[in-house]
Amino acid sequence: MPLSGLPEDADQAPDFALAARYLPVLRLDDAEPFRPLAAGYAVYREEGPSLSSKFIIRPRGRTVIEYAIWYDWDIQHLYDLEHVWVHVEADGSIARVEASRHGARRRMLRPGGALPVEAGRPVLFLEPGKHAHWADDGEMRRNAGPLIAAMCGAFAGDGGVHLSNRFSDAGRISASPLSCRLARLALKRMAFSPSWQFSRCSDEEGGVCLMPWSMLDAWVPGRVEALVASLETRVPHLAAVFLDCGDTLVDERTEVKIPGTEVVTSADLIPGAGDMLHELVRSGYRLALVADGPRATFENILKHHGLWDCFEAHIISGDIGELKPSPKMFAAACKALGLAEGDRARTVMVGNNLERDILGANRFGLISLFLNWSTRRSHKPGTRAERPMLTFNQIGRLPDLLEKIELSLPLPGEGEDE
């Protein structure tokens, strides 16, 4: 997104020339998807607490220049603030260079002990995707190469929106469970393999916008808010998840009914069903119960297990007057969640009954997922229309399946005629 809202007069601030003179040169991996955008500086001439980090500043020369360097993204989360400290002697020479690396402050030295300084400026190498600092790229790859590659690949996006930092701790940035999931999905789509070639640098592509820390500190919350707000429109994701109940969440073999009625008073959950539902809620999925039976049945069972409130809507045949596969059941769920007709193709229906859940979902244009955990009903589709899009046998696998579905959804504009 465009880098908007940055101060235009930062170069008029005190100590700007000093900070510009020693601004670090950051070497980027050729496959790096994220570049540094801005650096907030602070100048220290005596010992004291850092303005932008958790560390105490102790000058090793006459002056320390602290650079808080902003990236919109780290390959594992939205939000990344890294630091470099340059200690300068009275004669203008650099006495020491320190930099952040995964929450620690490290002294930067090249093999053999030389300072990483070229033409009077520190030159540091950034971990691909993670932006932790090293004085030597070869040392980085030898000591941390496999771990870095894993973070850029299999573990991309694990942090969602980073909400353990100075801004979130002060209540200045926040994100919903949905936004955290969308950030995770966005980053998983950006997973990459490091090239271990560092021909790019931070001076290119417009360079880094340098300003006093106070200006960057004021800008970051709005930047994060804008990034988070953009996720819902630019990251493909499921609009909702509809779930059946019997033999999908609840083991029907354990049901106890009021004699002479179809009202169930108690029943056990399928192993893992409760944890699965709470995980979906924590991930920001919009959930609707779409089940056949009397309302009292589902209130009795789900309230007892603390699951009733996991659902944003409860669409029950006893209320609607028709059983699945009636389209009225699915239409009622869409209406309750405010879903448009175009949202059907990114709405999932999970159930155990081919003739009701899967047939109804397929006819209504939903993504049909068949849970074949129970043998109480047929696992063989009677018609082509009863064939599920996906079949799985353990309800605990549902969160992973939903993520895989979301990662397979087309990006905005894909598949459209030009």
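## Close-up views of a predicted model

Cys152 is buried, with a relative accessibility of 0%. This and every other view comes from a predicted model. If you go looking for cysteine pairs, which sulfur is closest to that of Cys152? It belongs to Cys201, and at 20 Å it is too far away for a bond. A disulfide is a covalent bond between the sulfur atoms of two cysteines. To count as one here, the two sulfurs would have to sit within 2.5 Å of each other.

**Where α9 meets α10.** Helix α9 covers residues 327-337 and helix α10 covers residues 354-364; their axes come within 9 Å and cross at roughly 65°. Angles from 65 to 115 degrees count as roughly perpendicular, so that is the label α9 and α10 get. The crossing of α9 past α10 is right-handed. Who touches whom? On the α9 side, the contact is made by Pro327, Phe330, Ala331 and Cys334. On the α10 side, Arg356, Asp357, Gly360, Ala361 and Phe364 meet them. Sorted by type, the residues of this contact come out as six nonpolar, one polar and two charged.

Pro325 sits in the loop that links α8 (317-320) to α9.

**Tyr79, a positive phi in a strand.** Tyr79 isn't a glycine, yet its phi is positive, at about 105°. The residue is part of strand β6, which runs over residues 77-88. Is Tyr79 buried or exposed? Its relative accessibility is 4%, so it counts as buried; the cut-off for that is under 20%.

**His131, a positive phi in a loop.** Here's another non-glycine residue with a positive phi: His131, with a value near 70°. Where does His131 lie? Look in the loop between β10 (121-126) and β11 (133-134). Despite that loop setting, His131 has 0% relative accessibility and therefore counts as buried.

Conventions
Residues are numbered from 1 along each chain as its sequence is written. This is a predicted model: local features need pLDDT of at least 70, side-chain atom pairs count only at pLDDT 80 or more; totals for chains, interfaces and linings use all residues. Side-chain values use heavy atoms; hydrogens and water are left out. Axes are lines fitted to C-alpha atoms, for helices over the stretch in contact, and angles run from 0 to 180 degrees between N-to-C directions. Helices (H or I, at least four residues) and strands (E, at least two) are DSSP runs, numbered from the N terminus. Angles under 35 degrees count as roughly parallel, over 145 as roughly antiparallel, 65 to 115 as roughly perpendicular and the rest as oblique. A crossing is left-handed if the near helix is turned anticlockwise from the far one by less than a right angle, and right-handed if clockwise. Contact means heavy atoms within 4.5 Å. Ala, Val, Leu, Ile, Met, Phe, Trp, Tyr, Cys and Pro count as nonpolar, Asp, Glu, Lys and Arg as charged, and the others, Gly among them, as polar. Buried means under 20% relative accessible area, exposed over 50%, partly exposed in between (1.4 Å probe, protein chains only).
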